[in-house]
Amino acid sequence: PETKISVVPLGLPEAFRKSAAAPRSVPAEPPYFLVVGATSPRKRLLLIAQAVKLLRDRGTRLPRIVCAGRKPWREDGTQAFVRSHGLDGQFVQTGYLDTDGLIAAYRGARALLYPSACEGFGLPVLEAMALGVPAVVARGTACEETGGGHAITFARDSVEELAAVMKRLMAG
């Protein structure tokens, strides 16, 4: 019955809407790209690591990749890839950040990298955009829809396109 149904829209905490959190230090020296959420395989951190390697191999100077969230609950080969290609210094794992810490991380970021191909909504995309930070998402995903045409997109499995987007964001 309709009387037993309540619609609760998904939205941002007040701190993101007002962007009034007290300034805090950021988790790495800017510029960096930010990844938000537990780094489970569906977040596709391996795709980001492959893009970082591609750019490094082409002589592009890269910022760090700051991963804000719990450590992976299941390894997908990202850590082994990062170690075997000498990319350890490019990745910073912060662990869980409270709201103020997360806002500080967004504020220091060049962009949010959110290549997940399996999200129901993609709240970090909304958080980034609320703070004026570009969100980079895979085309054809819920995150592209969350971005409402304002997110920067790349072909969902293309390391080449993701690397090109990262390079362009670093240049400008």
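In the predicted model, Phe16 is a buried residue, its relative accessible area being 2%. Tyr106 is likewise classed as buried, because its relative accessibility is 0%, which falls under the 20% cut-off. A search for aromatic pairs across the whole structure returns one, and this pair is formed by Phe16 and Tyr106 in an edge-to-face arrangement, with 6.1 Å from centre to centre and 80° between the planes. The pair joins distant parts of the chain, since Phe16 belongs to helix 1 (residues 14-18) and Tyr106 to helix 4 (residues 99-108), 90 residues apart.

Glu127 is buried but has no salt bridge, and the nearest side chain of opposite charge, that of Lys43, is 9.8 Å away.

Attention now turns to the strands. Strand 2 (residues 64-68) is largely enclosed by the rest of the structure, because four of its five residues are buried. Strand 2 pairs in the parallel sense with strand 1 (residues 32-36) over five bridges, and within this pairing Phe33 stands opposite Ile65 of strand 2. Between strand 1 and strand 2 the chain passes through helix 2 (residues 45-57), giving a β-α-β crossover that is right-handed. Strand 2 also pairs in the parallel sense with strand 3 (residues 91-95), here over four bridges, and Val66 stands opposite Val92 of strand 3.

Notes:
Residues are numbered from 1 along each chain as its sequence is written. This is a predicted model: local features need pLDDT of at least 70, side-chain atom pairs count only at pLDDT 80 or more; totals for chains, interfaces and linings use all residues. Side-chain values use heavy atoms; hydrogens and water are left out. Rings of Phe, Tyr and Trp (its six-membered ring) pair if their centres lie within 6.5 Å; planes under 30 degrees apart count as stacked, over 60 as edge-to-face and the rest as tilted. Helices (H or I, at least four residues) and strands (E, at least two) are DSSP runs, numbered from the N terminus. Buried means under 20% relative accessible area, exposed over 50%, partly exposed in between (1.4 Å probe, protein chains only). Lys and Arg count as positive and Asp and Glu as negative; His and the chain ends are not counted. A salt bridge is a side-chain nitrogen of Lys or Arg within 4 Å of a carboxyl oxygen of Asp or Glu. Two strands pair if DSSP finds at least two bridges between them. A crossover is right-handed if, with the strands pointing away from the viewer, the path from the first strand over the helix to the second runs clockwise.
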